[in-house]
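Try each task before you read the solution.

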Amino acid sequence: MEQRDVVIIGGGPAGLAAAVKLKEKEINDILIIERERQLGGILRQCIHDGFGLTRFGETLSGPEYSQRFIDEVETLGIDFITNATVIDLTGDKIVTVATRDGLLQVQAKTVILAMGCRERTRGALAIPGTRPSGIYNAGVAQSYINLFNTMVGKEVIIMGSGDIGLIMARRLTLEGAHVKAVFEVLPYPSGLPRNIEQCLHDYDIPLYLSHSVIEIKGNERIEGVRVAEVGTDLKPIPGTEKDFSCDTLILSVGLIPENELSLAAGAVLDERTKGAFVDENFQTNVPGIFAAGNVLHVHDLVDFVSLEAEALAEGAAQYLKRGYLEACDIPVETDAKIGHVIPQRISGKKNFRMSMRVRKPTGKCRIEVRQGEHLIKSVPLPKALPAEMIQFEVEADQILPNGKIEVSVYEK
Amino acid sequence: MSAKIDVAIIGGGVVGSAVARELSRFRLNICVLEKELDVCNGVSGRNTGLLHSGILNKKNMLRTECCMEGNKEFEQVAQELDVPFRRCGKLIVGFGEEERGRLEKLYKQGMENGVPGIRMINAAEIKRLDPNVDGEFAIHVPSAGILCPFTYTIALAENAVQNGVKYCFDCEVTGISRNEQGDFSLETKQGKMTARWVINCAGLYAYKISEMLGFGKYQPSRVKGEYEILDKKAGKYLSLPVYPTPNEYGAFDIHVTPTIDGNVLVGPTIEHIGEGIDYAATQSMIEVLEKQGSKMFRYVKRDYYIRNYVGVFPTVEDPETHEEMDFRIETKESVPCAVNVVGINSPGLTSALPIARRVIAKIRQSEALTMNEKFNPVRRGMVKFSQKNEEEKRRLIAQNPDYGEIYCRCECVTKAEVKAAVHNILGVTTVSGIKYRTRATMGRCQGGYCETRLTQLIQQELGKKKEEILLNKPEAYMFTGEVK
């Protein structure tokens, strides 16, 4: 069986950034496994710009952004295989890969999970109605249009205001479709403010907050949807139903980290993130298996995916050199106003970056990190939106050796 | 199409396809006329996928007789047609004295019918059979089983085609008359056809064909049932179908059924809809499924939902009693050379081949049939990469590198399988057709990953334009064309 120091599952922004950083740390025996025909992951279909402002200080398209990493991977001579799908991963870090050249098995010393996420579907939401053609997840529609030169429809309704849905509202409009409206069940948008501005407002596409598609109509191709206003319980308010005709329904209703392989390896998932529980080194509960990027928690910007994967490289490199990492026994917990936090466990002996999202839009506020009475850090924020990830450094010298860490939001 | 056919079978569901397969044992020119673009698009594809035992039906009914016969022979059928199937048994669970009384009645019916191996069991025995099932007591029905209705119907149809039967899709029959020779003249969406015999296996529409043929009017009194499909992650917690005790009218509330592929079906709900056909899922029933279903099986949770579907069951009223009619397989002196098959609802899937044999017996009452010496009852299904062991996987990829390319990652379906499905011998070219043959798009991402690959391959392999790719129906186009 082939042996590797590092196997990286997924050649998207997380996998590529981890590979480059590991190589810089003189870890040479790396294999990136990518199921598509090229490296780049989901960025290949993200032909709009706005990527790279944080990581590179300039705005790039998705393919340009990923190409910077691909070029580095190639320059550094990092091994990768494409058109290769990992079909099994064990807790002992044996990776089984289906390729056209055969079934490849690799014994890895460390595995980096960088599989990204998938879209929540109509079925998962159990939207009532019939099951005609013309219902697409936003990412699938994006793939058809940008990678397969295939137009999915003409009269479009978008359900959900996730970023990909907003981007697709603009993309479909530019390609001559009529995007009639975007309906968001929550009282605030799920996508970034800049996308609301640039993708909806600039094209006069109406966004209806607190509205949901409650029925899909049509027996062959979709013919329309019934929409209703929802109350604070997110349930439709009787009497507010309206019918909209359309030939296409685009769903942008959330992303789910893709962790089937993580589960196969025995990683324990966090119900809130749907990604693995990790420590400050991004190590899962399975020693030597690390996770970063959207497979760990859904990010708002790809720049943060790359930065997180780069941060992961330090721990992974140390694990390879020493064979173990410092025990991380201090749990990190949140109050009800914070959706989730990464990492969920720390050692207390090392500075680390904390990532989180608030559950509801909040005005001027501060985030406090505490161990009981002891205040570790207080971060003031002008505002906090669920669409935006909040990140900051936490210094080890402020952390007590014992006691769980709690993260809370206080509105001013 | 003007060629004269010996037997026209109207309807390519499981019954029509079973009739086609059984009739292909004889030297006949047979054609199946199906209004949809694939087999198994009506009742046959919208049910629970259960191999019924016969316990649920009254003695001396044709449906009981057919069901018992079909159940008993299914090992052989599954082997001949290469259809995955598992005789996993079934539990009908109950709580409290009232339910015990009803279950005992049902048990007695099962004993009278001669359902093999049934037993009343207690709570401890239930837990031994499946620790995730709750009940104070239950009837254990070991002869019940599970199968995929799509795979089974496709297998019957493919075996029929291998033995010379022709399938015409998008071929709704809109009128039936007789020509001067006394043969049937069929008006179809694909033009006029002439047939000596007509077999009505039209399922939900059998009542219409029955009237066209001259068998008289049957009043549909349909039941709509909604279902939820759960992720395989929930499937590993359920080893056999679990039903609640039937209500005082003998109807079953929501039950949970593992599928042969490892998912779980929750449902059906029961709603009487009269003459209508309505495949729309409703918010109220989705809530009922969640509420009732989670009482039966604690993993009925939104996190595990991957899809829902709706079945409409083709119950008809008995013209005399106005009760739900038994299966009816009839000939009529005033309608020579026709067999009318109506009222085939549950357990139609289990009963399909027994029904087919009874249809043929009716034909043979008025016509001698010559054996087809070349008939081969064996049909091989598609190679399923995901179900092979490592050694076999290696061998498959070495033989054909397309097995090394995973198209559908949720169900681990390879390009080789999708390609084989695109070139299926029934000539079905829809995206759903590929889905039912391979399970691609049936997983938790619902085609998010593989659908682009499937539609690309259909274009490449069959030379179709983007606008010509259909989901499942003539107007169910997937795309409006190229990006400008």
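**Exercise 1.** Into which domains is chain A divided?

*Solution.* Keep in mind that this is a predicted model. Chain A splits into domain 1 (1–119 + 255–325), domain 2 (121–253) and domain 3 (327–412). Notice that domain 1 is written as two stretches, 1–119 and 255–325.

**Exercise 2.** Describe how domain 1 of chain A meets domain 3 of chain A.

*Solution.* Start with the distance: the C-alpha centres of domain 1 and domain 3 of chain A are 25 Å apart. Next, count the residues: 23 from domain 1 of chain A touch 20 from domain 3 of chain A.

Now the area. The size of an interface is often given as the accessible area lost when the parts come together. Here, domain 1 and domain 3 of chain A bury about 1600 Å² between them, with carbon and sulfur atoms giving 48%.

The side of domain 1 of chain A that touches domain 3 of chain A has 8 nonpolar, 8 polar and 7 charged residues. Despite those charged residues, 0 salt bridges are found across this interface. What does turn up is 10 residue pairs in polar contact.

**Exercise 3.** Pick apart the salt bridge between B:Lys224 and B:Asp278.

*Solution.* Side chains of opposite charge can pair when their charged atoms come close. For B:Lys224 and B:Asp278, the closest N and O atoms are 2.9 Å apart. B:Lys224 sits in strand E13 (residues 222–230) of chain B and B:Asp278 in the loop between strand E17 (271–274) and helix H9 (283–296), so the pair ties together parts 54 residues apart in sequence. Finally, check accessibility: B:Lys224 is buried at 1%, while B:Asp278 is partly exposed at 31%.

**Exercise 4.** Is each partner in the B:Arg444 and B:Asp231 salt bridge buried or exposed?

*Solution.* First, the pair: the closest N and O atoms of B:Arg444 and B:Asp231 are 2.7 Å apart. The two residues are 213 residues apart and link distant parts of the chain. Buried means under 20% relative accessible area. B:Arg444, at 17%, is therefore buried, and B:Asp231 counts as buried too, at 5%.

Last step: zoom out. Salt bridges with shared partners join B:Arg444 and B:Asp231 into one network with A:Arg35, A:Arg118, A:Glu258, A:Glu260, B:Lys233 and B:Arg409.

Terms used:
Residues are numbered from 1 along each chain as its sequence is written. Chains are lettered from A and ligands numbered from 1 in the order in which they are written. This is a predicted model: local features need pLDDT of at least 70, side-chain atom pairs count only at pLDDT 80 or more; totals for chains, interfaces and linings use all residues. Side-chain values use heavy atoms; hydrogens and water are left out. Domain bounds come from an automatic or database domain assignment. Contact means heavy atoms within 4.5 Å. Buried area is the accessible area (1.4 Å probe) that two parts lose on being put together, summed over both. A salt bridge is a side-chain nitrogen of Lys or Arg within 4 Å of a carboxyl oxygen of Asp or Glu. A polar contact is a pair of N or O atoms within 3.5 Å; within protein, one must be able to donate a hydrogen and the other to accept it, and residues adjacent in sequence count only if both atoms are side-chain atoms. Ala, Val, Leu, Ile, Met, Phe, Trp, Tyr, Cys and Pro count as nonpolar, Asp, Glu, Lys and Arg as charged, and the others, Gly among them, as polar. Helices (H or I, at least four residues) and strands (E, at least two) are DSSP runs, numbered from the N terminus. Buried means under 20% relative accessible area, exposed over 50%, partly exposed in between (1.4 Å probe, protein chains only).
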